[in-house]
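Please consult the sequence and the three-dimensional structure shown below while reading.

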Amino acid sequence: MATEFDIEVRWPELLVQLDETQRRAVVQSLASAWHEGWIPNREDVENLTDEARGAIDAEEYRRRAHAAARRRTAAVAP
């Protein structure tokens, strides 16, 4: 696991699009997953911020998340 949770430093351009309530919700959600061992990547952070600010709906967010998971699984398959 990364030793520092630095989402706001790594991808500030994604979070600047959010109001304070949205930003807090996204950061808390990502921090919770990070504490469970997940290492954030830009695509997942962008998808979550897009959903939080209303650029995509929950259905599109799930579609993107599932597609990303399939790509990552295929990339590590033997």
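The model under discussion is a predicted one. Glu4 has a relative accessible area of 55%, and because this value is over the 50% cut-off, Glu4 is classed as exposed.

Along the sequence, 61 residues separate Glu4 from Ala65. In space, the C-alpha atoms of Glu4 and Ala65 are 24 Å apart.

## Phe5 and the aromatic pair

Phe5 also lies in the segment before α1. With a relative accessible area of 25%, Phe5 is partly exposed. Leaving aside residues up to four places away in sequence, Phe5 touches Val27, Leu30, Ala31 and Trp34. For Phe5 and Ala31, which are 26 residues apart along the chain, the C-alpha atoms are separated by 7.0 Å.

The structure holds one aromatic pair. Phe5 and Trp34 form this pair, with 5.5 Å from centre to centre and 50° between the planes, a tilted arrangement. The pair links distant parts of the chain, since Phe5 belongs to the segment before α1 and Trp34 to helix α3, 29 residues apart. Are the two partners buried or exposed, in whole or in part? Phe5 is partly exposed at 25%, whereas Trp34 is buried, with a relative accessible area of 8%.

## Overall architecture

The chain has five helices and zero strands. Read along the sequence, these elements give the pattern α-α-α-α-α. The C-alpha trace spans about 45 × 30 × 20 Å along its principal axes.

The chain has 78 residues, of which 27% are buried. Among the contacts in the chain with a separation of 6 or more, 56% come from residues 24 or more positions apart.

In soluble globular proteins, nonpolar side chains tend to be buried together. Here, the largest nonpolar core has ten residues: Ile7, Trp11, Leu14, Leu15, Leu18, Val26, Val27, Leu30, Val45 and Leu48. The elements that give two or more residues to this core are α2 (12-15), α3 (20-35) and α4 (42-52). The most is given by α3, with three residues.

Trp11, one of the core residues, touches Pro40, Asn41, Arg42 and Val45 when residues up to four places away in sequence are not counted. Val45 is likewise a member of the core. Val27 and Leu30, also listed in the core, are among the residues that Phe5 touches.

## The largest pocket

Rolling a probe the size of a water molecule over the atoms shows where empty space is left. The largest pocket holds about 170 Å³ of space. Its lining consists of Ser29, Leu30, Ala33, Trp38, Asp44, Asn47, Leu48, Tyr61, Ala65, Ala69 and Arg72. The elements that give two or more residues to this lining are α3, α4 and α5 (58-76).

Which element gives the largest share of the lining of the largest pocket? That element is α5, with four residues. By class, the lining has seven nonpolar, two polar and two charged residues.

With residues up to four places away in sequence left out, Asn47 touches Ile56, Tyr61 and Arg64. The C-alpha atoms of Asn47 and Ala67 are separated by 12 Å, at a distance of 20 residues along the chain.

Asp50 is found in helix α4 as well. At 9% relative accessibility, which is under the 20% cut-off, Asp50 is therefore counted as buried. Asp50 touches Ala55, Ile56 and Arg64, again not counting residues up to four places away in sequence.

Terms used
Residues are numbered from 1 along each chain as its sequence is written. This is a predicted model: local features need pLDDT of at least 70, side-chain atom pairs count only at pLDDT 80 or more; totals for chains, interfaces and linings use all residues. Side-chain values use heavy atoms; hydrogens and water are left out. A nonpolar core is a set of buried Ala, Val, Leu, Ile, Met, Phe, Trp, Tyr and Cys residues joined through side-chain atoms within 4.5 Å. Buried means under 20% relative accessible area, exposed over 50%, partly exposed in between (1.4 Å probe, protein chains only). Contact means heavy atoms within 4.5 Å. On a 1 Å grid over the protein atoms alone, a cavity is a set of points where a 1.4 Å probe fits but cannot get out, and a pocket is an open set with protein on both sides within 12 Å along at least five of seven lines; lining residues have an atom within 4 Å of a point. Grid points are joined across faces, edges and corners, and a volume is the space filled by probe spheres set on the points. Ala, Val, Leu, Ile, Met, Phe, Trp, Tyr, Cys and Pro count as nonpolar, Asp, Glu, Lys and Arg as charged, and the others, Gly among them, as polar. Rings of Phe, Tyr and Trp (its six-membered ring) pair if their centres lie within 6.5 Å; planes under 30 degrees apart count as stacked, over 60 as edge-to-face and the rest as tilted.
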